[in-house]
Each structure stands twice: as structure tokens, then as C-alpha cells.
Amino acid sequence: MTAAPQLWSLRRDRWIRRIGQNWLVAHAALAFGFLYLPILVLVVYSFNQSRFNAVWKGFTLDWYISLLQGGGSLGLLQREGGGLSGGGIMPALQNSLVVAVVATLLATVLGTLLGIAMERFRFPGRPAVEALIYLPIIIPEITMGVSLLVFFTLVFRLVENLTGWRLNLGLPTVIIGHVAFSISFVAVVVRARLVDLDPVLEEAAMDLGANEWKTLWRVTLPLLWPAIFSGALLAFTLSLDDFVVTFFTSGVGATTLPLFVYGMIKFSVTPAINAISTLMLAASLVLVLSSLAVDRDAVRFG
Amino acid sequence: MTTATLPASSTRSQAALLVFLLPATLWLSIFFLLPLGIVLLYSLLGQGGNAGVNWQFTLGNYQQLLTPVYLGIFWRSLGLALLTTVICVLVGYPLAFFIVRQSATWRSLLLLLVIIPFWTNFLVRTYAWIILLRQQGVINTVLESVRLVDAPLPLLFTPLAVTIGLVYGYLPFMVLPLYSTLERFDFTLVEAAQDLGANDLRTFSRVVLPLTSRGIVAGCLLVFIPSVGAFITPDILGGAKTVMVGNLIQNQFLKALNWPLGSALSMALMALILIPVLAYFRVSEQQAGGRV
């Protein structure tokens, strides 16, 4: 081999590498553009005067104001398969918050206990419980939604036949569904943290005479708070954002914010949707950043 | 000294175990497993009119799934989900690679930019594409103003719109596992390969790609699973020609009120998802076993 071809191939390689690096930068710029352009457009158009066109007609806050002034007039929300569920944005927001707070509290308690059980105890049937934790994460949302609809319908029919009480889908059934899909996420987050925690700390406490509960309160939980908070935040976000399971488990009058927005998108597309979307984006941003403040790795879960 | 290596149960009471374990497992059994079981049961029963069932066992619902109309919708869902997964790999891998090669500050900032969409409302993010794709939407307005097209292109309510929506919705699910595998990848191996005479392309295909394949597989599963069972995206961005299994299930439960058929569809969708997931766990267990 002579030196000349080697030099040539070295140059060629360097040239390819430079193209490769430039290409990577361009690709990343395009990919981030793809991720953020739609969001940016949404925010910008929430301030656009034009009602139907994409042309910029001037700045306005009208769409935000219209949200505050009886959002109910924005769209009469005819749910497919259900009856009319009217009401404005404020009742929907209130429903969403009630559901998210209650579901998060329940799912956080149940999920944390489950995470501790899986990581700190050995028991028969552990693989089955393991499957039970992962199944709700894997299964299609729509399957979960319709199965809860079938379940509640059947149970309510049974109750009515036995006692004469008429039960209906509503906020409680939505909460039950949200807890069911959130428990697993909390348990997974808590377990991930427990793996890194040396069980010796808890065993030492018990060797020193603390019982199971005192150990839980004084040793395990204090060490777990960041993970529990991350899990709770995840549950809260999942609940607040959920559309599919809510769609099948909410009856008339239990319209949450995503259901309200869905109704607007399907039946009366007005720029008010851009305004409400922008507000929801802002709220999500606050949630992500606050979770980052608590635990830098918290938001990585997904 | 030896307590750390002993099974934890040796020092912990069985009563405590029940308190930790029972609440969640009961909740999941009653409000998750039992409903699924009922759907499985319903899928084997005849239709009883108006969302009811006829208590007679039949495989008729599953046979109905094999008719061309339903089979076609299953194929479409599978096709769109696979297309979405492939696009996400092609877009996500170079992106994750780029992020990993940045300095620590840039890395966490760029990663945050990938994560933010994951935490924002899926419905809202999907809706954003309506503004871009519709007749008088942003894309058509721009195309018309620069005289690239004379009449607005029909973009919304097409398979293209659904694919864009799915890629947009699930791209972060691909980038995050790819990032964490690439983050753990030892880049001195690249230098080693090149010292041994491999060029860039060969280094990538023979060293980097095989060693990060686990992240690719994990990312593919995380994208494929929600894509194949998608409901919101085809519902909002799609039209009659882009009906996916999710829309079909919703239709059977809320409009056609044929719950047994809807149940059979749900079970078929679940099977479609569980097969690759179980295969993944089986293979990764074997690999883990082989290494230990």
C-alpha cells in the first residue's frame, strides 16, 4: 500500500464525517421544529382575530374572554352515544380537578403500598402480581375504557334488580377508572426508587425495636418522598389528560376538560379551542417544571 | 451482617404484607381484571339487542372479525402502526444520537424539549394538526401564497394526516428509550473500531447499532402499542377511509350497540398487542439469563 491512496481515503472519511455531523444538526433542528411548530401555531392563533382563516388579522384576547364569559355557548356538547352534556368550561375544569385530586390521592396510597410490597417482601404469586401491575400500562386505553363501561353497566343493572336503586355513570366511576390505570404507574416509580434504597436501613430500624408501621413512617416513607411525589405527579397528569377511559366511564353531567375540548373540536371548531389549548399547555409546562424542581429524573419516566 | 442478603420476608410479618399488598391488588382485580374478564365473556355471547347479550355461547363474533370489512380495518391499523413505528425510528434515532453527543447542559435542555410534549395533553397536540392541515389551514395558506398550488390540498381526514398525528404523538416514546441506551453506550468503542480500520458507516452498522438494539426494540414497542390501538388520532384527523380498530370498537359500543362484537374486537386488539410484548419479555429474559 502506498501513502497516497491512504491519504485520499482519510480525506474522504473526514469529508463524510463533516457531512454526517452537519446532517445530524439539520435533522435535530427539523425534528424539534416538527415537535414544536404545531404547539407554536396553536399559541399564536389563539391571539388571532380571524375566525376561520389561517391569515393573521391582528391581535386579540377575545377568545380568552369568550372562555370566561359562559363557555357553554361555545359549543353544545353532544356526546356520541350519550345525551346532551351542556355546561361551560368552568364546570368541566372543576370536574377535572376533583377527579384528578381524588384519583391521585387514592392511586398514590395504593401504588406506594404495592411498590413496597413488591420490592420488600417475598411471597407466592409474586409473578402474577407483577403481571397485574404491567397489564394496565400495556393494554390499549380503549379496551380498558369499554371494559369499565361493560362492568359498570352490568353491576348497576344487578344492583337495580336486587335493591331497586338506580345508579348511573358519573364522577365516581371516572375516578375509579383513573385510579385503576394510575396505580401501576405510581407503583413502578416507587419500586424504581426502592431498588436503590438499601433494605438494611429498614431492617436496622426493626432490629432496634421499631415495628412494621413505625419503620414505614419513620424510615421508608421519608426516604421515598421524592419518588412518591413523582408518582403522584404522574398520576395527576395522566388523570387530568385522560380522554379515552373518561369518555366511556362518565355519564351525563360528568364532563371533564378533555371531554369538553373534544366536544368543541368535533362539533364547533372555533378559535376558542386554541385559547383553551394554550392554557392547558401552560398548565402542563408548570407541572413539568415543578416536578423537575423536586426530582431531576422524575419527568424521565414514561 | 447477613441480613442484607437474606430474603426480606425473614424479618417482616405476613400481616404487614397483606396491608401493603391487598388494597391495590383488590382494586386492580375488581376494577381492571374482572371487567376484562366480563368483556372476554361477552365476546363469546350472542347479541341481545340494545347493548344486551344473549346467554348462548358462540364463536360467531370472532368469525365476524374474519370478514373482509373487519379484517381490512385490522390490516389498516397494523399497517399505520408499523409505518408510524418505522418513521419514529428513522426520525428518533438520529435525534437521540445528536442529543447524547452534546455537552451536559445542552443534553438536559434538549431532553427536556423532548419530554415536554409527553406531559402535554394528547388531545390538544392532535388538535394542533387540524389548524395546520385543514383546507384554510396554515400549510395550505402558505402553499397558496407562494403559488405552489392553485387550490387547497386535501390534507386533513386522510391516512397521511393520521400518520403524521401518530408520529407526532408518539415520537417522544421512541426518543427516550433510545436516549437512555445511547447514554450508556461506551463511545470509546467507536474509536477502537476506527483504530482497527473500520470506516464510519461500518462502525455504525457493526458496533453502534447492534449495541443499542435493545433501545430500538423498546422504543418500537412503546410506539407500536399505543399506535395500533389509537382512537383519538384517527377520530380527529382521519375520515371514513382511515377508520382504525379503536374507532370500530367505540362505534360498536356507543353507536351500533353490538357489545358482543365490540368485546370480540377489544380482545383481538389486546391479542395484537400482547403478542409482541410477550415475545419481547421472553427474549430479554433469555438474554439476561444467558449473561448471568
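Author: Start with the contacts in chain A that have a separation of 6 or more: residues 24 or more positions apart account for 69% of them. Contact here means heavy atoms within 4.5 Å. The model is predicted, so local features need pLDDT of at least 70 and side-chain atom pairs count only at pLDDT 80 or more, while totals for chains, interfaces and linings use all residues. Residues are numbered from 1 along each chain as its sequence is written, chains are lettered from A and ligands numbered from 1 in the order in which they are written, and side-chain values use heavy atoms, with hydrogens and water left out.

Now the fold. Chain A has 11 helices and zero strands. Both are DSSP runs, numbered from the N terminus: helices are H or I with at least four residues, strands are E with at least two. Of the 302 residues of chain A, 52% count as buried. Buried means under 20% relative accessible area, exposed means over 50%, and partly exposed lies in between (1.4 Å probe, protein chains only).

Next, the charged pairs. Over all chains, the structure holds five salt bridges. A salt bridge puts a side-chain nitrogen of Lys or Arg within 4 Å of a carboxyl oxygen of Asp or Glu. Take Glu119(A) with Arg191(A): their closest N and O atoms are 3.2 Å apart. Glu119(A) sits in helix α3 (residues 89-120) of chain A and Arg191(A) in helix α6 (residues 171-196) of chain A, so this pair ties together parts 72 residues apart in sequence. Both Glu119(A) and Arg191(A) are buried.

Arg191(A) also meets Glu130(A) in a salt bridge, at 2.9 Å from N to O. Glu130(A) belongs to helix α4 (residues 126-138) of chain A and Arg191(A) to helix α6 of chain A, so the parts tied here are 61 residues apart in sequence. Glu130(A) is partly exposed, at 22% relative accessible area. For Arg191(A), the figure is 13%, which is buried. Together, Glu119(A), Glu130(A) and Arg191(A) are linked in a network of salt bridges.

Another pair is Glu160(A) with Arg166(A), whose closest N and O atoms are 3.3 Å apart. Glu160(A) is partly exposed at 31% relative accessibility. Arg166(A) is exposed at 61%.

Turn to the side facing chain B. Here, 94 residues of chain A are in contact with 95 residues of chain B. The two chains bury about 8900 Å² between them, 78% of it on carbon and sulfur atoms. That buried area is the accessible area (1.4 Å probe) that two parts lose on being put together, summed over both. Across this interface the rule finds one salt bridge. Lys266(A) forms it with Asp235(B), with the closest N and O atoms 3.4 Å apart. Helix α1 (residues 3-45) of chain A gives the most to the side of chain A that touches chain B, with 17 residues. That side divides into 69 nonpolar, 13 polar and 12 charged residues. Nonpolar covers Ala, Val, Leu, Ile, Met, Phe, Trp, Tyr, Cys and Pro; charged covers Asp, Glu, Lys and Arg; the others, Gly among them, count as polar.

Last, the cysteines. Over all chains, the structure holds zero disulfides, a disulfide being a pair of cysteine sulfur atoms within 2.5 Å.
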